[in-house]
Amino acid sequence: MPDPLTRPIAQAAQVAGGVRSLARTITSRRIERDYTGWTGQEVLADLRDGDPTRPPVRRAGHEVVTRINALSGSLPAEAVVLGRAITDTAPPIGDRMSPALRDLLGKYVPESLDAYVASTRRGPHTPAQELLLTQLRLLYDVAQHIERAENEHDERALVIQARFLRERFAEISRSNDLDVDGPHIQAPRRPVAPQPVPTQAAYEHGRSFLEPHREPVVLIPHAAGRAQRLSVRLALPKGYAVRAGIVTETLSGATAFAQKSTRRVLAPRRPTGFTGSQTDVTLAVDLARERRMLIYAYGLSAGQLQTTAFVTTGGGSAVEFSTVLLGRKGLPVTLIASGLMTPEGLVLRNEGTVWPDLRTACRAYDLRRISWLDAHTPFV
(Lines give C-alpha, C1' and ligand atoms only; values in the text may rest on other atoms or scores of the structure.)
Protein backbone atom coordinates (compact mmCIF):
# COMPACT_ATOMS: atom_id res chain seq x y z
CA MET A 1 0.00 0.00 0.00
CA PRO A 2 1.51 3.36 -0.98
CA ASP A 3 2.53 5.79 1.73
CA PRO A 4 -0.14 8.58 1.93
CA LEU A 5 2.64 11.17 2.20
CA THR A 6 4.36 10.08 -1.00
CA ARG A 7 2.06 11.91 -3.43
CA PRO A 8 2.09 15.31 -1.57
CA ILE A 9 5.87 15.16 -1.25
CA ALA A 10 6.23 14.36 -4.94
CA GLN A 11 3.89 17.20 -5.87
CA ALA A 12 5.80 19.61 -3.63
CA ALA A 13 9.07 18.54 -5.26
CA GLN A 14 7.54 19.07 -8.70
CA VAL A 15 6.35 22.56 -7.75
CA ALA A 16 9.76 23.41 -6.30
CA GLY A 17 11.40 22.23 -9.51
CA GLY A 18 9.06 24.42 -11.53
CA VAL A 19 9.88 27.44 -9.35
CA ARG A 20 13.62 26.85 -9.80
CA SER A 21 13.14 26.53 -13.56
CA LEU A 22 11.15 29.77 -13.65
CA ALA A 23 13.80 31.51 -11.57
CA ARG A 24 16.50 30.37 -14.00
CA THR A 25 14.40 31.64 -16.92
CA ILE A 26 13.88 35.02 -15.27
CA THR A 27 17.57 35.30 -14.43
CA SER A 28 18.60 34.45 -17.98
CA ARG A 29 16.12 36.98 -19.36
CA ARG A 30 17.58 39.62 -17.07
CA ILE A 31 21.09 38.85 -18.28
CA GLU A 32 20.06 38.89 -21.94
CA ARG A 33 18.25 42.26 -21.81
CA ASP A 34 19.90 44.59 -24.30
CA TYR A 35 20.50 48.06 -22.84
CA THR A 36 22.27 49.44 -25.91
CA GLY A 37 21.27 53.06 -26.46
CA TRP A 38 19.40 53.40 -23.17
CA THR A 39 20.22 56.30 -20.90
CA GLY A 40 22.19 55.36 -17.83
CA GLN A 41 19.25 56.47 -15.68
CA GLU A 42 16.92 54.10 -17.55
CA VAL A 43 19.33 51.21 -17.05
CA LEU A 44 19.67 51.84 -13.33
CA ALA A 45 15.90 52.18 -12.92
CA ASP A 46 15.31 48.90 -14.76
CA LEU A 47 17.95 47.07 -12.74
CA ARG A 48 16.43 48.41 -9.54
CA ASP A 49 12.70 48.22 -10.22
CA GLY A 50 12.17 46.50 -13.56
CA ASP A 51 10.12 43.34 -13.91
CA PRO A 52 12.19 40.93 -16.06
CA THR A 53 9.03 39.05 -17.07
CA ARG A 54 7.58 42.12 -18.83
CA PRO A 55 8.77 44.51 -21.54
CA PRO A 56 11.06 47.20 -20.11
CA VAL A 57 9.59 50.56 -19.18
CA ARG A 58 11.30 53.40 -21.00
CA ARG A 59 10.47 57.01 -21.61
CA ALA A 60 7.91 57.54 -24.36
CA GLY A 61 9.36 58.55 -27.71
CA HIS A 62 12.66 56.72 -27.37
CA GLU A 63 12.08 55.01 -30.75
CA VAL A 64 11.80 58.31 -32.61
CA VAL A 65 14.80 59.67 -30.69
CA THR A 66 16.80 56.73 -32.04
CA ARG A 67 15.54 57.49 -35.55
CA ILE A 68 16.43 61.20 -35.38
CA ASN A 69 19.92 60.40 -34.09
CA ALA A 70 20.43 57.83 -36.85
CA LEU A 71 19.56 60.51 -39.46
CA SER A 72 21.35 63.40 -37.79
CA GLY A 73 24.12 63.44 -40.38
CA SER A 74 21.72 64.00 -43.27
CA LEU A 75 18.91 66.02 -41.68
CA PRO A 76 19.05 69.83 -41.59
CA ALA A 77 20.45 70.99 -38.25
CA GLU A 78 17.18 72.71 -37.35
CA ALA A 79 15.26 69.50 -38.05
CA VAL A 80 17.43 67.59 -35.56
CA VAL A 81 16.95 70.27 -32.91
CA LEU A 82 13.19 70.51 -33.53
CA GLY A 83 12.72 66.74 -33.56
CA ARG A 84 14.54 66.27 -30.26
CA ALA A 85 12.69 69.25 -28.75
CA ILE A 86 9.41 67.52 -29.62
CA THR A 87 10.52 64.31 -27.90
CA ASP A 88 11.53 66.32 -24.83
CA THR A 89 7.83 66.98 -24.19
CA ALA A 90 7.32 63.30 -23.33
CA PRO A 91 6.34 62.78 -19.67
CA PRO A 92 8.70 61.12 -17.17
CA ILE A 93 8.90 57.33 -17.13
CA GLY A 94 5.71 55.82 -15.77
CA ASP A 95 3.59 58.97 -16.03
CA ARG A 96 0.34 59.06 -18.00
CA MET A 97 0.57 60.29 -21.60
CA SER A 98 -2.34 61.65 -23.63
CA PRO A 99 -3.38 59.88 -26.87
CA ALA A 100 -2.60 63.11 -28.78
CA LEU A 101 1.04 63.13 -27.63
CA ARG A 102 1.33 59.36 -28.16
CA ASP A 103 0.23 59.77 -31.78
CA LEU A 104 2.53 62.75 -32.26
CA LEU A 105 5.60 60.85 -31.05
CA GLY A 106 4.68 57.44 -32.41
CA LYS A 107 3.13 58.36 -35.74
CA TYR A 108 3.37 61.93 -37.03
CA VAL A 109 7.05 62.66 -36.38
CA PRO A 110 8.17 59.24 -37.78
CA GLU A 111 5.94 59.70 -40.84
CA SER A 112 7.43 63.13 -41.49
CA LEU A 113 10.93 61.63 -41.30
CA ASP A 114 9.94 58.73 -43.58
CA ALA A 115 8.50 61.14 -46.12
CA TYR A 116 11.69 63.21 -46.10
CA VAL A 117 13.91 60.16 -46.55
CA ALA A 118 11.72 58.94 -49.44
CA SER A 119 11.95 62.35 -51.12
CA THR A 120 15.75 62.61 -50.83
CA ARG A 121 16.84 59.13 -51.87
CA ARG A 122 18.56 60.58 -54.94
CA GLY A 123 20.35 63.30 -52.99
CA PRO A 124 19.73 66.52 -51.05
CA HIS A 125 16.53 68.28 -52.05
CA THR A 126 15.95 71.86 -50.83
CA PRO A 127 12.12 71.83 -51.24
CA ALA A 128 11.96 68.58 -49.26
CA GLN A 129 14.05 70.15 -46.50
CA GLU A 130 11.75 73.17 -46.32
CA LEU A 131 8.67 70.96 -46.19
CA LEU A 132 10.20 68.81 -43.44
CA LEU A 133 11.00 71.92 -41.40
CA THR A 134 7.45 73.19 -41.92
CA GLN A 135 6.05 69.89 -40.65
CA LEU A 136 8.36 69.79 -37.63
CA ARG A 137 7.70 73.43 -36.72
CA LEU A 138 4.00 72.66 -36.80
CA LEU A 139 4.46 69.52 -34.70
CA TYR A 140 6.63 71.41 -32.21
CA ASP A 141 3.91 74.06 -31.95
CA VAL A 142 1.28 71.36 -31.35
CA ALA A 143 3.54 69.58 -28.82
CA GLN A 144 3.76 72.80 -26.81
CA HIS A 145 -0.04 73.13 -26.84
CA ILE A 146 -0.43 69.49 -25.76
CA GLU A 147 2.10 69.88 -22.96
CA ARG A 148 0.29 72.98 -21.71
CA ALA A 149 -3.11 71.24 -21.90
CA GLU A 150 -1.77 68.22 -19.98
CA ASN A 151 -0.32 70.43 -17.26
CA GLU A 152 -3.68 72.21 -16.97
CA HIS A 153 -5.70 68.96 -17.26
CA ASP A 154 -7.59 70.50 -20.19
CA GLU A 155 -9.15 67.44 -21.85
CA ARG A 156 -11.04 69.55 -24.39
CA ALA A 157 -7.81 71.14 -25.66
CA LEU A 158 -6.22 67.69 -25.97
CA VAL A 159 -9.13 66.46 -28.09
CA ILE A 160 -8.85 69.54 -30.32
CA GLN A 161 -5.11 69.02 -30.85
CA ALA A 162 -5.59 65.32 -31.61
CA ARG A 163 -8.28 66.12 -34.21
CA PHE A 164 -6.08 68.82 -35.77
CA LEU A 165 -3.17 66.38 -36.13
CA ARG A 166 -5.34 63.72 -37.75
CA GLU A 167 -6.72 66.15 -40.31
CA ARG A 168 -3.46 67.95 -41.02
CA PHE A 169 -1.36 64.84 -41.58
CA ALA A 170 -3.93 62.69 -43.37
CA GLU A 171 -2.25 63.30 -46.74
CA ILE A 172 1.16 62.21 -45.40
CA SER A 173 -0.34 58.99 -44.07
CA ARG A 174 -1.83 58.25 -47.50
CA SER A 175 1.23 59.02 -49.61
CA ASN A 176 4.14 58.56 -47.17
CA ASP A 177 6.10 61.02 -49.28
CA LEU A 178 6.81 64.73 -49.43
CA ASP A 179 5.54 65.40 -52.94
CA VAL A 180 7.71 68.41 -53.68
CA ASP A 181 6.73 68.57 -57.34
CA GLY A 182 2.95 68.08 -57.18
CA PRO A 183 0.56 71.03 -57.19
CA HIS A 184 -1.57 69.82 -54.31
CA ILE A 185 0.62 70.55 -51.30
CA GLN A 186 -1.65 71.99 -48.63
CA ALA A 187 -0.50 74.91 -46.54
CA PRO A 188 -0.74 74.51 -42.76
CA ARG A 189 -4.09 75.62 -41.37
CA ARG A 190 -2.33 77.88 -38.94
CA PRO A 191 0.70 80.06 -39.79
CA VAL A 192 3.96 78.37 -38.87
CA ALA A 193 6.71 80.94 -39.11
CA PRO A 194 10.38 80.05 -38.82
CA GLN A 195 11.30 79.96 -35.14
CA PRO A 196 14.59 80.38 -33.36
CA VAL A 197 16.22 77.19 -32.15
CA PRO A 198 13.92 75.94 -29.32
CA THR A 199 16.57 75.97 -26.62
CA GLN A 200 17.53 78.07 -23.64
CA ALA A 201 20.69 80.11 -24.11
CA ALA A 202 23.61 79.40 -21.81
CA TYR A 203 24.33 81.99 -19.19
CA GLU A 204 27.27 84.23 -19.99
CA HIS A 205 29.67 84.11 -17.04
CA GLY A 206 27.21 81.72 -15.39
CA ARG A 207 26.50 78.00 -15.29
CA SER A 208 23.80 75.82 -16.86
CA PHE A 209 22.91 72.38 -15.47
CA LEU A 210 21.80 69.66 -17.88
CA GLU A 211 20.37 66.20 -17.22
CA PRO A 212 19.25 63.63 -19.85
CA HIS A 213 15.55 63.61 -18.88
CA ARG A 214 15.16 67.14 -17.47
CA GLU A 215 16.29 70.35 -19.20
CA PRO A 216 18.77 68.41 -21.35
CA VAL A 217 19.69 71.06 -23.94
CA VAL A 218 21.31 74.48 -24.05
CA LEU A 219 22.34 76.94 -26.76
CA ILE A 220 25.75 78.59 -26.73
CA PRO A 221 25.28 81.63 -28.99
CA HIS A 222 27.95 82.68 -31.44
CA ALA A 223 30.31 85.12 -29.76
CA ALA A 224 31.48 87.80 -32.20
CA GLY A 225 35.22 88.30 -32.14
CA ARG A 226 35.84 85.37 -29.78
CA ALA A 227 37.41 82.02 -30.52
CA GLN A 228 34.85 79.23 -30.91
CA ARG A 229 36.64 76.91 -28.54
CA LEU A 230 35.37 74.53 -25.89
CA SER A 231 37.16 73.04 -22.92
CA VAL A 232 35.76 69.76 -21.60
CA ARG A 233 36.67 68.51 -18.11
CA LEU A 234 35.44 65.18 -16.74
CA ALA A 235 35.69 65.18 -12.94
CA LEU A 236 36.54 61.84 -11.32
CA PRO A 237 37.45 60.37 -7.94
CA LYS A 238 41.14 59.57 -7.78
CA GLY A 239 41.79 55.98 -8.83
CA TYR A 240 38.80 55.66 -11.15
CA ALA A 241 40.21 54.80 -14.58
CA VAL A 242 38.51 56.40 -17.59
CA ARG A 243 39.23 57.29 -21.18
CA ALA A 244 37.40 60.44 -22.27
CA GLY A 245 37.22 61.72 -25.80
CA ILE A 246 35.61 63.93 -28.41
CA VAL A 247 34.75 63.02 -31.99
CA THR A 248 34.05 65.91 -34.36
CA GLU A 249 32.70 66.17 -37.89
CA THR A 250 33.43 69.11 -40.18
CA LEU A 251 31.07 70.65 -42.71
CA SER A 252 32.77 68.55 -45.40
CA GLY A 253 32.10 65.31 -43.48
CA ALA A 254 35.66 64.70 -42.24
CA THR A 255 35.91 63.28 -38.72
CA ALA A 256 38.58 63.64 -36.06
CA PHE A 257 39.14 62.12 -32.61
CA ALA A 258 40.80 63.41 -29.46
CA GLN A 259 41.12 61.13 -26.42
CA LYS A 260 42.84 61.15 -23.03
CA SER A 261 42.85 58.72 -20.13
CA THR A 262 43.46 58.63 -16.40
CA ARG A 263 45.56 56.04 -14.67
CA ARG A 264 44.73 54.48 -11.35
CA VAL A 265 48.07 55.28 -9.70
CA LEU A 266 49.79 58.01 -11.69
CA ALA A 267 46.88 60.43 -12.19
CA PRO A 268 47.73 63.67 -10.40
CA ARG A 269 45.50 64.72 -7.55
CA ARG A 270 43.58 67.96 -7.99
CA PRO A 271 43.45 69.93 -4.74
CA THR A 272 39.90 70.98 -3.89
CA GLY A 273 40.01 71.80 -0.19
CA PHE A 274 37.68 68.86 0.51
CA THR A 275 38.45 65.43 1.90
CA GLY A 276 37.91 63.36 -1.25
CA SER A 277 40.80 63.14 -3.70
CA GLN A 278 39.82 64.11 -7.25
CA THR A 279 41.40 63.99 -10.66
CA ASP A 280 40.39 65.24 -14.09
CA VAL A 281 40.47 64.34 -17.75
CA THR A 282 40.58 67.57 -19.79
CA LEU A 283 40.13 68.01 -23.55
CA ALA A 284 39.73 71.00 -25.85
CA VAL A 285 38.05 71.37 -29.24
CA ASP A 286 38.13 74.19 -31.79
CA LEU A 287 34.68 74.65 -33.33
CA ALA A 288 35.72 77.01 -36.12
CA ARG A 289 35.05 74.43 -38.86
CA GLU A 290 33.01 71.80 -37.04
CA ARG A 291 29.40 70.87 -37.79
CA ARG A 292 28.77 68.52 -34.88
CA MET A 293 30.51 66.56 -32.15
CA LEU A 294 30.11 63.82 -29.54
CA ILE A 295 31.67 63.77 -26.07
CA TYR A 296 32.13 60.30 -24.61
CA ALA A 297 33.77 58.38 -21.79
CA TYR A 298 34.99 54.81 -21.65
CA GLY A 299 34.83 53.49 -18.09
CA LEU A 300 37.75 51.19 -17.30
CA SER A 301 36.90 50.66 -13.61
CA ALA A 302 34.22 48.31 -12.34
CA GLY A 303 31.28 49.84 -10.52
CA GLN A 304 28.94 52.65 -11.47
CA LEU A 305 29.88 56.29 -10.98
CA GLN A 306 27.64 59.35 -10.89
CA THR A 307 29.85 62.15 -12.13
CA THR A 308 29.86 65.49 -13.94
CA ALA A 309 31.40 66.79 -17.13
CA PHE A 310 32.13 70.53 -17.22
CA VAL A 311 32.12 72.38 -20.56
CA THR A 312 33.37 75.96 -20.69
CA THR A 313 33.53 78.35 -23.63
CA GLY A 314 35.72 81.25 -24.66
CA GLY A 315 32.70 83.49 -24.12
CA GLY A 316 32.53 82.75 -20.40
CA SER A 317 29.65 80.26 -20.44
CA ALA A 318 29.85 77.04 -18.43
CA VAL A 319 27.66 73.95 -18.71
CA GLU A 320 27.51 70.98 -16.32
CA PHE A 321 26.48 67.58 -17.67
CA SER A 322 25.28 65.14 -15.03
CA THR A 323 26.18 61.67 -16.27
CA VAL A 324 26.47 58.03 -15.24
CA LEU A 325 29.39 55.71 -15.97
CA LEU A 326 27.87 52.27 -15.50
CA GLY A 327 31.07 50.29 -15.15
CA ARG A 328 29.23 47.22 -16.43
CA LYS A 329 30.65 44.55 -18.67
CA GLY A 330 29.21 45.00 -22.15
CA LEU A 331 28.31 48.69 -21.62
CA PRO A 332 31.60 50.49 -20.97
CA VAL A 333 30.94 53.56 -23.15
CA THR A 334 28.80 56.50 -22.05
CA LEU A 335 27.96 59.10 -24.66
CA ILE A 336 27.91 62.14 -22.41
CA ALA A 337 26.81 64.86 -24.81
CA SER A 338 26.22 65.79 -28.43
CA GLY A 339 26.85 69.15 -30.04
CA LEU A 340 25.32 70.54 -33.23
CA MET A 341 26.23 73.82 -34.88
CA THR A 342 23.23 75.91 -35.96
CA PRO A 343 22.92 79.45 -37.37
CA GLU A 344 22.18 80.68 -33.81
CA GLY A 345 25.12 78.90 -32.21
CA LEU A 346 26.14 75.55 -30.75
CA VAL A 347 23.34 73.37 -29.37
CA LEU A 348 24.64 71.07 -26.62
CA ARG A 349 22.54 68.18 -25.34
CA ASN A 350 23.07 65.86 -22.39
CA GLU A 351 22.62 62.44 -24.02
CA GLY A 352 23.66 60.12 -21.20
CA THR A 353 23.30 57.01 -23.39
CA VAL A 354 25.29 53.79 -22.89
CA TRP A 355 26.90 51.61 -25.57
CA PRO A 356 28.92 48.41 -25.91
CA ASP A 357 31.68 50.19 -27.85
CA LEU A 358 32.63 53.49 -29.46
CA ARG A 359 31.94 52.30 -33.00
CA THR A 360 28.31 51.44 -32.17
CA ALA A 361 27.82 54.83 -30.49
CA CYS A 362 29.21 56.72 -33.50
CA ARG A 363 27.05 54.80 -35.96
CA ALA A 364 23.95 55.37 -33.85
CA TYR A 365 24.53 59.12 -34.24
CA ASP A 366 25.15 58.80 -37.99
CA LEU A 367 28.94 59.17 -37.89
CA ARG A 368 29.61 56.45 -40.43
CA ARG A 369 32.48 57.64 -42.59
CA ILE A 370 35.06 56.24 -40.16
CA SER A 371 37.45 53.34 -40.63
CA TRP A 372 37.93 51.19 -37.51
CA LEU A 373 40.85 49.12 -36.29
CA ASP A 374 38.52 47.50 -33.75
CA ALA A 375 35.23 48.36 -32.06
CA HIS A 376 36.90 50.87 -29.74
CA THR A 377 39.71 52.15 -31.98
CA PRO A 378 39.32 54.27 -35.15
CA PHE A 379 42.10 54.60 -37.67
CA VAL A 380 43.47 58.11 -37.06
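Two strands count as paired if DSSP finds at least two bridges between them. All views show a predicted model.

**View 1. Strands β9 and β10 run antiparallel.** The pair spans residues 305–313 in β9 and 318–325 in β10. Joining them are 8 bridges. Within this pairing, Ala 309 lies opposite Phe 321 of β10.

**View 2. Five strands make an open sheet with mixed pairing.** The strand order is β2-β10-β9-β4-β7. Strands β2 (207–210) and β7 (278–286) form the edges. Each has a single partner strand, so one side of each lacks a neighbour in the sheet. From one strand to the next, the twist averages 20°.

**View 3. A 7-stranded open sheet, also of mixed pairing.** Its order reads β1-β3-β12-β11-β8-β5-β6. The edge strands are β1 (200–201) and β6 (255–261). Both pair on one side only.

**View 4. Strands β8 and β11 pair in the antiparallel sense.** Strand β8 covers residues 290–299, and β11 covers residues 333–342. The pairing extends over 7 bridges. Which residue of β11 is the bridge partner of Ala 297? That partner is Thr 334.

**View 5. Helix α4 packs on the sheet that holds β11 and β12.** The helix is formed by residues 77–87. Helix α4 touches both β11 and β12 (345–355). The direction of α4 makes about 125° with that of β11. In the strand order, β12 stands between β3 and β11.

Key. Residues numbered from 1 in each chain as written. Predicted model: local features only at pLDDT ≥ 70, side-chain atom pairs only at ≥ 80, totals over all residues. Heavy atoms only, no water. Helix = DSSP H or I, 4+ residues; strand = E, 2+ residues; numbered from the N terminus. Contact = heavy atoms within 4.5 Å. Axes fitted to C-alpha atoms, helices over the stretch in contact; angles between N-to-C directions.
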